Amino acid sequence: MSQLTDKDLEYFEKKGIEKNKVRGQIRTFKEGIPFVNLEKAAVIGDGILKFTEEEETRLIKNFERQASTKSLLKFVPASGAASRMFKALFNFLDSYNPGEETLDVYLNRTNDKNVKFFAENLEELPFYKMVYDRIAGKALSKDGEVFLFVKEMLFDTALNYGFFPKGLLPFHNYNGKMVTPFEEHLKEGAKYANQNGKADIHFTISEQHEDMFKNELQRINSTVSLETGTSFTVDYSFQKPSTDTIAVDMNNKPFRKSDGSILFRPGGHGALIENLNEQDADIIFIKNIDNVVVSKYADEVADSKKILAGILLEVQKQTFEYAALIESTSISEKTTEEIKQFLEKKLNARFLDKFATYSLEEKIRILKDKLNRPIRVCGMVKNEGEPGGGPFWVEDKQGRVSLQIIESAQIDLSNKKQKEILQNSTHFNPVDIICGIKNFKGEKYNVLNFIDPKQGFITEKTKDGKALKALELPGLWNGAMAFWNTIFVEVPLITFNPVKTVNDLLKPSHQQ
């Protein structure tokens, strides 16, 4: 760190980043981040629960019975920009000239299947009529019309959708009324995060988009409240500058921009664990902004959330009883075994083989540690080829095994056994999480104490034509929750409908 100047240290202080944190990040670059060691994939009956209809009904009723006595919050990561949705269309604008070739010739030349599908299904897009009305009569040919349509969507002198936050794009069309995912999340929240006619919803957004979100809420609030019979308290937070991570050059020295200042980059969605830590509710529902459905599927999605929350309440009740018992009285060897079995069967905790040889005092210390952790219940969807992390049993260097959500980038794919475990996985993570962040006394955990810093990511990027290494913090539902108690549950495929590209809006779940 001797290469740091007083000016650098002033910059750190301004961003709220401690020098020791920067030192630790540089050490991580030098040491590298080890791959995780997969023991096996989590499957139905071994890490993933699957319920009968009768069990689902019981869990829904369990949640509905207790919901009015709990504080509920819907937490929506919503800082994603729409620009990535339109990557293929931006490329199309750069490389196609309707005056020089027909669209068919262009598509045959480039084999651009994304643009072909887009052009063939244009009229099914939720915003088709609005965009078409704006360009009506301006195109000389059908090919020119497609080109003008895309320009009207994306150019900053027109609708400028490429600049929008994803959450404020028109995703759905109900008989001519266009609805954004922001609005769909309000309606969805009214179905399961509604407590006595009120729903609290928190969006993490980019600071540059704050006014846009506030304007959208002002535009729709009274209508949605009337439609759902719910009054909404909506608030926002931004990714903290203090969670940015230092970039280094290929020799692991701080990367300096052309003005001599050190480059920091956003730490990825793992930075949002800080935003989550500032929330205060008994039950927190986490779901990404682009994962919404049209209204005809909304009840099925809401029931799935209630099932997950019902499990949380059921397991939490017993956890709290054992935590209170172990805190308040001397317990016997028999009771320690009873608590151990509960932790293994209900919270997927695993114990080292030598646990049986420990003294009663040491056993109690370990049981206390395992009981007093935040709990997450995560929906898992059958793997049907969608990208995303998945549920696995993972073993650390101390031989401790735990359930984790792991991304493929964390796995050594050159290791045949590890690759086979990945290929044999049956489910993936749709980001459908119900969190219990309080202990048996009703006190909030500091969830920053349950992060595994060794589950971050190092990637190679460029800046001003120079190569650099960037550090992503452990993902919000990956390493940032690594030391939580974890329950995985199979949920219906209809609960996972992300919009990663504009063509995803043409899928049935987004068509009314």
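1. A helix here is a DSSP run of H or I with at least four residues, and helices are numbered from the N terminus. By that rule, Leu313 sits in helix H12, which covers residues 298-328. The model discussed in this note is predicted.

2. Is Leu313 buried or exposed? Its relative accessible area is 3%, and buried means under 20%, so Leu313 is buried. Setting aside neighbours within four places in sequence, Leu313 is in contact with Asn62, Phe63, Gln66, Lys70 and Ile283. One of these, Gln66, is 247 residues away from Leu313 in sequence, yet the two C-alpha atoms are 8.4 Å apart in space.

3. Some values describe the chain as a whole. Its secondary structure comes to 15 helices and 20 strands. Buried residues account for 51% of the 512 residues. Taken along the principal axes, the box filled by the C-alpha atoms is roughly 85 × 60 × 45 Å. For 512 residues, a compact globule would have a radius of gyration near 24 Å, and the 25 Å of the chain agrees with this.

4. The contacts can also be sorted by distance along the sequence. Of the contacts between residues at least 6 apart in sequence, 77% join residues at least 24 apart.

5. Helix H7 spans residues 128-135, and Tyr128, Val131 and Ile135 are buried in it. Why do the buried residues of H7 line one face of the helix? Seen down the axis of H7, they fall within an arc of 80°, so one face holds them. Helix H8 (142-154) is included in what covers these buried residues. Just after H7 comes Gly137, with a positive phi of about 85°.

6. Glu183 belongs to helix H9, residues 181-192, and Asp211 to helix H10, residues 210-228. Glu183 has a relative accessible area of 1% and is therefore buried, whereas Asp211, at 55%, is exposed. Not counting residues up to four places away in sequence, Glu183 touches Lys177, Glu216, Ile220 and Val224.

7. The largest pocket has a volume of about 1700 Å³. It is lined by 43 residues, and the closest to its centre are Gly80, Arg84, Gly268, His269 and Trp477. Sorted by class, this lining has 17 nonpolar, 15 polar and 11 charged residues.

8. The second largest pocket has a volume of about 1100 Å³. Its lining has 39 residues, with Asp396, Gln398, Arg400, Ser402 and Phe483 nearest the centre. By class, these 39 residues divide into 17 nonpolar, 10 polar and 12 charged.

9. Which elements supply at least two residues each to the lining of the second largest pocket? They are helix H14 (360-371) and the strands S14 (390-395), S15 (401-406) and S20 (485-490). H14 gives the most, with 5 residues.

Note on methods:
Residues are numbered from 1 along each chain as its sequence is written. This is a predicted model: local features need pLDDT of at least 70, side-chain atom pairs count only at pLDDT 80 or more; totals for chains, interfaces and linings use all residues. Side-chain values use heavy atoms; hydrogens and water are left out. Buried means under 20% relative accessible area, exposed over 50%, partly exposed in between (1.4 Å probe, protein chains only). The arc is that of the directions from the helix axis to the C-beta atoms. Contact means heavy atoms within 4.5 Å. On a 1 Å grid over the protein atoms alone, a cavity is a set of points where a 1.4 Å probe fits but cannot get out, and a pocket is an open set with protein on both sides within 12 Å along at least five of seven lines; lining residues have an atom within 4 Å of a point. Grid points are joined across faces, edges and corners, and a volume is the space filled by probe spheres set on the points. Ala, Val, Leu, Ile, Met, Phe, Trp, Tyr, Cys and Pro count as nonpolar, Asp, Glu, Lys and Arg as charged, and the others, Gly among them, as polar. The radius of gyration is taken over C-alpha atoms; the globule rule is 2.2 Å times the number of residues to the power 0.38.
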